[in-house]
Amino acid sequence: MRIRLRDVAALAEVSEATVSRVMNNKSGVADATRRKVVRVLGELGYEPTALQTSPRAGLIGLIVPELDNPVFPAFAQAIESRLLPSGYVSVLCCASRARATEEDNLETHLARNIAGNIIVSGRHADVGGDHSLYDPLVADGVPLVFVNGHVDGTPVPSVSCDDAAAARTGFEHLWSLGHRRIGFLTGPTYYVPVVRKVDGFTEAFARHHQSENGLDRHVAETMFTLEGGFAGARQLLDEGITGIVAASDLMALGAIRAVRESGRSVPDDVSVVGFDDTPLMRFTDPPLTTVRQPVQEIADQATTLLLAEISGRSSAGREILVSGELIARSSTAAAATSNSVTAASA
């Protein structure tokens, strides 16, 4: 489709001369007006050469690990909604073993000379990962913000949910309901959010049981999938667990299936708490009690940091932690009398 100056001008509510100046990267156009024109051009699928080589192209690279887990599309939507009013459009890429790597995504973004990158649960979230892929970007002054993970010793700012507090919240909820055999269903422990969640669960466990004795029987490490939740929950159920805190909603749903296949019910026999509170969790059977990850607030903080970096106001490696919120629904209930054992026997 051919894009005409007058069409762009009408949509952006500016003159054709202003559109021409923006397309040819000329001075004399206010930043807000320039971003509005660039946004309209992007929505129409048109990228002039001058804009491709301009650092004010109005494009932000957004990298997520996958779209199968509904929390990542939620992040993408929340970040995009925050970027658009500022005149930027996100370029979304997924980095996984089955598709392009994070390095490939970053190279693609650099080739388009985008204004900056927001990376959600990327290599930065891998405790033992090779973080050197970010060094050239930092050296070249490319604005970066990490979401859900942090790399010590780099000037890249980050925003994460307070994962340790989230795990403690899930534990305390089940304890308040009379559960004393509480298990934790977590993902691979080489991820920063997982390490923090395990720390939070361990702290709550030790405080209530006056010791960490037996903790290993109360923690199951698996994958962040329905199948992983199912397998890990079966392991916990074999240990007599009556309350499960899962590190994601998908894992929690897998745990509910495992409980039912064992001949028990949720929440009469076993209570289950998830993490994220993705939109469909209120409609599951039963509706899932979960610790809501504050996706919109994290997105707001991340985009604010990135826009500041773009404008030259560096946050120099600052990390912001955002608190989650317990959303109590029908997957948790008071422990049955026979299951509410004393802390000493747990």
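Strand S4 (residues 144-147) sends Leu144 and Phe146 one way and Val145 and Val147 the other, and all of them are buried. Buried here means under 20% relative accessible area, exposed means over 50%, and partly exposed is in between (1.4 Å probe, protein chains only). Welcome to a predicted model, in which local features need pLDDT of at least 70, side-chain atom pairs count only at pLDDT 80 or more, and totals for chains, interfaces and linings use all residues. Residues are numbered from 1 along each chain as its sequence is written, and side-chain values use heavy atoms, with hydrogens and water left out.

**The chain as a whole**

- The protein chain has 12 helices and 12 strands; these are DSSP runs numbered from the N terminus, with helices (H or I) of at least four residues and strands (E) of at least two.
- Its C-alpha atoms fill a box of roughly 80 × 40 × 30 Å along the principal axes.
- Of the 346 residues in the protein chain, 51% are buried.
- A contact means heavy atoms within 4.5 Å. Among contacts in the protein chain between residues at least 6 apart in sequence, 71% join residues at least 24 apart.

**Strand S4 and its partners**

- Two strands pair if DSSP finds at least two bridges between them.
- Strand S3 (residues 116-120) runs parallel to S4, and four bridges join them. Within this pairing, Phe146 of S4 is the bridge partner of Ile119.
- S4 also pairs with strand S5 (residues 158-161), again in the parallel sense, over two bridges. Here Val147 has Val159 of S5 as its bridge partner.

**Nonpolar cores**

- A nonpolar core is a set of buried Ala, Val, Leu, Ile, Met, Phe, Trp, Tyr and Cys residues joined through side-chain atoms within 4.5 Å.
- The largest nonpolar core has 67 residues, and those with the most contacts inside it are Val120, Leu185, Phe201, Ile244 and Val272.
- Apart from that core lies another one, of 12 residues, including Ala95, Ile119, Tyr134 and Val156.
- Leaving aside neighbours within four places in sequence, Val272 is in contact with residues including Ile244, Ala252, Ile256, Val266 and Leu288.

**Enclosed space**

- Rolling a probe the size of a water molecule over the atoms shows where empty space is left.
- A cavity is a set of points, on a 1 Å grid over the protein atoms alone, where a 1.4 Å probe fits but cannot get out, and its lining residues have an atom within 4 Å of a point. Grid points are joined across faces, edges and corners, and a volume is the space filled by probe spheres set on the points.
- A search of the whole structure finds two cavities of 30 Å³ or more, and about 40 Å³ of space lies in the second largest cavity.
- Helix H8 (163-176), strand S8 (243-246) and S9 are the elements that give two or more residues to the lining of the second largest cavity. S9 gives the most, with three residues.
- That lining is made up of Ala166, Ala167, Phe184, Lys197, Val245, Ala246, Val273, Gly274, Phe275 and Val291.
- These lining residues divide into eight nonpolar, one polar and one charged, where Ala, Val, Leu, Ile, Met, Phe, Trp, Tyr, Cys and Pro count as nonpolar, Asp, Glu, Lys and Arg as charged, and the others, Gly among them, as polar.

**Two cis peptide bonds**

- The peptide bond from Val266 to Pro267 is cis, with omega near 10°. Pro267 is in the loop between helix H11 (249-261) and S9.
- Asp285 and Pro286 are also joined by a cis peptide bond, with omega about -5°.
- Asp285 lies in the loop between strand S9 (271-276) and strand S10 (289-292), and Asp285 counts as exposed because its relative accessible area is 59%.
- Not counting residues up to four places away in sequence, Asp285 touches Ile256 and Arg260.
- From C-alpha to C-alpha, Asp285 and Val266 are 9.1 Å apart in space, and 19 residues separate them in sequence.

**Positive phi outside glycine**

- Glu13, a residue other than glycine, has a positive phi near 60°. Glu13 is in the loop between helix H1 (5-12) and helix H2 (16-23) and is exposed, at 68% relative accessibility.
- Ser121, also not a glycine, has a positive phi near 50°. Ser121 lies in the loop between S3 and helix H7 (135-139) and is partly exposed, with a relative accessible area of 22%.

Key
1 Å grid on protein atoms, 1.4 Å probe; cavity = no way out; pocket = protein on both sides within 12 Å on 5 of 7 lines; lining within 4 Å.
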